[in-house]
Amino acid sequence: MSLSNDMGFVMRSHLLAASIIARHATPDNQILDDSELGILQEFCADPAKKDELLRKNGMNEGGKPAGSRAHDMGSLAGHCVARHGTDNPALNEEEIEMLRNWFQRGGAGSGHAKL
């Protein structure tokens, strides 16, 4: 995954959650695929389990900067999870809550509504 300048701007501006939600209904414009949405949903349900989630998905950092392993694997969701709790989070608490509510309402489709 190469974070484009546009995606970097979206994350720095804390518009990522709104963009994921807004663009999900249009298949050609979706930001995350089903597997990425699953990672993000699991994280939003319980951010305290961040390390467990990263480990389970092979994205534990092993001393590298937060998000670098996920970035190398091409996982935007993993990158967001890994940066949680750092001085430079990809998603702020408001965005996590927005996504959590969206997932609970089934916004990502039936495959992600019941994690």
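Reader: Is Lys56 buried, partly exposed or exposed?
Author: Lys56 counts as exposed, at 53% relative accessibility. Buried means under 20% relative accessible area, exposed over 50%, and partly exposed in between (1.4 Å probe, protein chains only). Please note that this is a predicted model, in which local features need pLDDT of at least 70 and side-chain atom pairs count only at pLDDT 80 or more, while totals for chains, interfaces and linings use all residues. Residues are numbered from 1 along each chain as its sequence is written, and side-chain values use heavy atoms, with hydrogens and water left out.
Reader: Which residue forms a salt bridge with Lys56?
Author: The partner is Glu42, with 2.7 Å between the closest N and O atoms. A salt bridge is a side-chain nitrogen of Lys or Arg within 4 Å of a carboxyl oxygen of Asp or Glu.
Reader: What does the pair tie together?
Author: Glu42 lies in helix 3 (residues 34-45) and Lys56 in helix 4 (residues 50-56), so the pair ties together parts that are 14 residues apart in sequence. Helices are DSSP runs (H or I, at least four residues), numbered from the N terminus.
Reader: How many salt bridges are there in the whole structure?
Author: A search finds three. One of them joins Lys49 and Asp46, whose closest N and O atoms are 3.9 Å apart.
Reader: And where do Arg100 and Glu97 lie?
Author: Both are in helix 7 (residues 93-104), three residues apart, about one turn of the helix.

Technical notes
Helix = DSSP H or I, 4+ residues; strand = E, 2+ residues; numbered from the N terminus.
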